[in-house]
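I opened my notebook to work through one structure. I will go piece by piece and write down what I find.

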Amino acid sequence: MELATSLGVSAGIEFSFPNDLLDRCFAAVLTESKSSLPFTHTSLTWRIASQLPSLSKTDGFEPIATYLGDSHDDRRLLQISRSIADCFDQYTIFRPEMVCAWNDGRDDNWQAQLWRAINRDCHGSDRAALLRALQHHVASDAPLNGTLPRRFSLFGISYLPPFHLEALRLLSSYCDITCYLLNPCGQYWGTIISEKRKSRLALLSSLSAEAEEYYETGNPLLSSLGTLGQEFFENLLEYGFEVEELDNVSKSSETIPGSILSTIQNDILTLFDRPASGTKCFVSENDRSLQIHSCHGALREMEILYDNLLAQFDEISGLEPRHIVVMIPDIESYAPYISSVFGSKSPGRPTLPYTIADRSVRMENIYVNAFLKILTIGSSRFALHEIMDLLENPIIMSRFDLNEDELIDIRTWLADCNVRWGFDGDHRTDLGFPRYTDFSWQAGLDKLFLGYAMASDDSSTFCGILPYSSCSGSQAEALGNLADFIAMVRETSLLFSKPHTLPEWADIFTTTVARMLLADTNDSTGPLIVAKALNSLREASILHGFKQPIALDAVRDHLIEITAKSGGGYGFMGGAITFCAMLPMRSIPMRVIWLAGMNDGQFPRTERPPGFSLMNGARRRGDRSLRDEDRYLFLEALMAAEDRFCISYNGQNNRDNSTIPPSVLVAELIDYVTSGFIRPDGTTPASVLVRHRLQGFSPLYFDGHDPAHLFSYDRVSCEAIEARRESGRTRREFIGEPLHLDSTPVLEIGLHHLIRFLTNPAAAFLEQRLRVKPFNPADEPDDSEPFSLDALPRYSLSQELVIQLMKGAQYDECLSAARSRGVLPPLSAGKAAFDAAWEKSRQFAEMLEAQLGTRLDPLTLTFTHGRVHLQAVLENCQSGTHMRWRCARMKGKDRLTIWLEHLLLNIAKADGYPLRSIMIASDTTLILPPLEHAAEILSDLLDLYCEGMKQPLRFFPETSWLFQKNGLSKAEASWRGNQRQGIPGECDNQAVSFCFGDEEPWGDEFAALAERIYGPLIAAIG
């Protein structure tokens, strides 16, 4: 970018990684150079996996045989092969002499034997052998095999192993090699050690006090964080690299820059130990150059970052989004929060351009993600949510010609048909379960197709299948597409259940992708990535010699590992705020550098090499250390910041607000500031740590008392807090004032609307007026079949059985219908539950039959009051007494339903139809005599309905009934329920909570409504 800025254009530049560069140089220098590709990590993994099964049976391989076990576990095989390949890859770089000894036949441990086994049939050379050949070639003054560039230039490298330094030293015999390196210190710092190491030396050796004085700590931050760079620069000198200072470092420890950040950078640059010298630097109250933010989790980190960046745009002249980089150790876990905060377009929040770099290919590309989801089919139990999650992927949904509305219908069908898990009985047998088809996908599809093909009365089965009557007409196409998808998934799962060779797996995956995924025509990246991944399987067999069949789980792990790699740094420094991972070469000088996610235990990363690694002994200088690498990355980021260096971490528990320590690197920086900097008053140590509040709308962010630390740019929250300050703490009503009814002259409603209103006014208001239905998690279908009958299914079964018994249905027919409907638990548990319900229903039906009269035709009734026109159709009427029943305890809905029907019958006074009503329940019977003032009572209820369509009313059928009959104590028990016994109260109803929150209902409105609705009913009962 800088070249393009200065020269006008920058193109055709090739940036090679060190290993790729050395491979090309080996080929150019050595006469008989062989490729090192067979010794890449991937190649080694497959070659090791092909050799281990046979070698594990030989002497010396007992640890490997124990790990693999007697059963053939392909996942274990690939996991151990991957770990061994990691070790071998490091050996060639950090222990080349040991690898060369293995090549010469020396050593006889199991790793040496395995190395020689994979090297025996390999048409290539490992890097250790290539380096030794290069040494011999240079020593013999042999000519070049090819052409080398005249000059090599290496930029910004923080660290190179001795292997690469030796290769570069040898190549310097043929061409000029120049390394442009960033040195954090302007003085020689090769002999300084950290205080921690100095203390360890004092404990482990018998050094005299005078001898200890020979050890220098220099700047404590540099000595603690710069171990990797210190070793690297020392190795450069040992390998004969000449040093030339390109910067004229004129700063000294006596120079006092104007900010904490520049002072710390100057201390490191001049090797000045400020805390030890006792020299305190005065810090301005407005100094914001170094900030450390303690937050409650990743989301709050991003919210605080957003507000602080807005403040920095106001404070720093000429700051642009491209001047800001945010580095995060775990970029994947933070990516959703970044998009949530910076990608939202809520009012009062200006939009900041941003890009997220270094994400894995799998997370960046929806096509790759869909492909990897398909690979889980092989081990799937066909759970409802699992399969629907697969179908709802846009790429899969498009392939099967489904849209969002059809998906809603499909979810309803599957819930009604009680589809839970398992394709069919055979699939469950394969998974080790008993063979039964209840709650399976095949059972659900049978109900759906049979319901489409024939009429159903919801009680009669056909060949043991109860047709589903709600799927018809234009929904046939969606049903067919669903069946195609399920058949494809089942066919794929059968293919995935057996081991195959890698080429066979590649062909199977290619066919599966073509049949199940539909790529976006404007994006070819995803299909290309998948194609390359599948080609890698073919290469593993052809080039790397892995021929044996392998199970899906192992292949899936390999493909996940390939696609988990970074997408190549796309989005890094793209002209917007850059979010990226903490990686080498990322610490480019920027005006603002922010390190997020600097949590304890996550950074610096911990390294746990396998126990069999031969590098676990004494560490050599130049060996890779993930811990030292991360510490040096932190140092580079600190030195690269120009105007601001900010850090955020999860420092407070979002449950109890307990303190969580930051990364040890952040703690060291805080200690350095505390011991070396002081406030203008001369007594208070400087502090750069800001402890934030749990919520971004805390009043402390808007009161203006401490704008330098706690502030926010959220205009909406500010206005809300200001409004509360002016009016005080007031409870916000769900409805500020009653809504207006429609201006239509006639308001037509059905009896079911009035019943729904009286049985739950809050729900009726939400559904009928606002078209809102609160979500209830309990309504979501489960992935597991029921193992016992809950209260509601048990009641529904009993009701249905009473109806069928009164029609003369037989035991076997009712049992078959109940099983097909998905009401009963499977197998013998279902039969036991059915028998209990059958006996109860049989006794209840016998009691009802004694009171049945002559069945009458359905009665159509209308009633008009004002502008409200009520329509009703009363079915199951009989002579003598209008009867309703419930094979359970009586509920408020039962009382209100029979009451409304009783009112209509007494208003109509139709010839031959009864004026007396009865409601029979298992615990009580409600008898209603003829009424003279039924029209007045119903008119009042219709007036109440109109009021309830303007605002939710505080009437609750059970609580209000008990209040009216037994007083407040019984009503309170009904309202609150019994959580210990699992009995919900009416306050737990979703619609009631939505409208009234946690407010107690007791009040004048509640008492008046209870009297208004239940008073006439209680008076009629007498």
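**Entry 1: strands that pair.** I first settled a term: two strands pair if DSSP finds at least two bridges between them. I also noted that this is a predicted model. Then I looked up β4 and β9. I found 6 bridges joining β4 to β9, and the two run parallel. I picked out one of the partners: Gln291 has Cys646 in β9 as its bridge partner.

**Entry 2: the other neighbour.** Next I checked β8 against β9, residues 641-650. These two are also joined in the parallel sense, over 5 bridges. I looked at who faces whom. Ile593 stands opposite Phe645 in β9. Leu595 stands opposite Ile647 in β9. I then asked how many residues of β9 are buried. I got 7 of 10, so I call the strand mostly covered, with buried meaning under 20% relative accessible area.

Entry 3: I stepped back and traced the strand order. The sheet is open and has 7 strands, in the order β6-β7-β5-β8-β9-β4-β11. The pairing is parallel. Which strands stand at the edges? They are β6 (354-356) and β11 (689-691). Each has a single partner strand, so one side of each is left without a neighbour in the sheet. I also noted the twist, which averages 20 degrees from one strand to the next. A reminder to myself: strands of a sheet pair through backbone hydrogen bonds, either parallel or antiparallel.

**Entry 4: helices across the sheet.** I looked for helices lying on these strands. Helix α14 (residues 260-269) lies across β4 (290-295) and β9. Its direction is at about 100 degrees to β9. Helix α17 (residues 331-342) lies across β5, β6 and β7. I read about 160 degrees between α17 and β6.

**Entry 5: a serine in a loop.** I moved to Ser625, in the loop between β8 (590-595) and α29 (626-640). Is Ser625 buried or exposed? It counts as buried, because its relative accessibility is 12% and the cut-off is under 20%. Its side chain reaches the backbone nitrogen of Asp628 at 3.2 Å. Leaving out residues up to four places away in sequence, Ser625 touches Glu607 and Arg619.

**Entry 6: helix α27.** Helix α27 (residues 525-542) has 18 residues and reaches 26 Å from first C-alpha to last, close to the 26 Å expected. Its buried residues include Gly526, Val530, Leu534 and Leu537. Why do the buried residues line one face of α27? Seen down the axis, they fall within an arc of 145 degrees, so they line one face. The face turned away from the buried side carries exposed Lys532 and Ile542. I then asked what covers the buried residues of α27. The cover includes α3 (41-55), α19 (366-374), α26 (502-516) and α28 (552-563).

**Entry 7: helix α7.** My last stop was α7 (residues 110-120), which is mostly covered. I found 9 of its 11 residues buried. Among them are Trp110, Leu114, Trp115 and Arg116. The cover over its buried residues includes α3, α4 (62-68), α5 (74-94) and α6 (96-103). At the start of α7, a side-chain oxygen of Asn109 reaches to within 3.0 Å of the backbone nitrogen of Gln111.

Key. Residues numbered from 1 in each chain as written. Predicted model: local features only at pLDDT ≥ 70, side-chain atom pairs only at ≥ 80, totals over all residues. Heavy atoms only, no water. Helix = DSSP H or I, 4+ residues; strand = E, 2+ residues; numbered from the N terminus. Expected span 1.5 Å × (residues − 1). Buried < 20%, exposed > 50% of the residue type's maximum accessible area, 1.4 Å probe, protein only. Arc of directions from axis to C-beta. Contact = heavy atoms within 4.5 Å. Polar contact = N/O pair within 3.5 Å; in protein donor to acceptor, adjacent residues only side chain to side chain. Axes fitted to C-alpha atoms, helices over the stretch in contact; angles between N-to-C directions.
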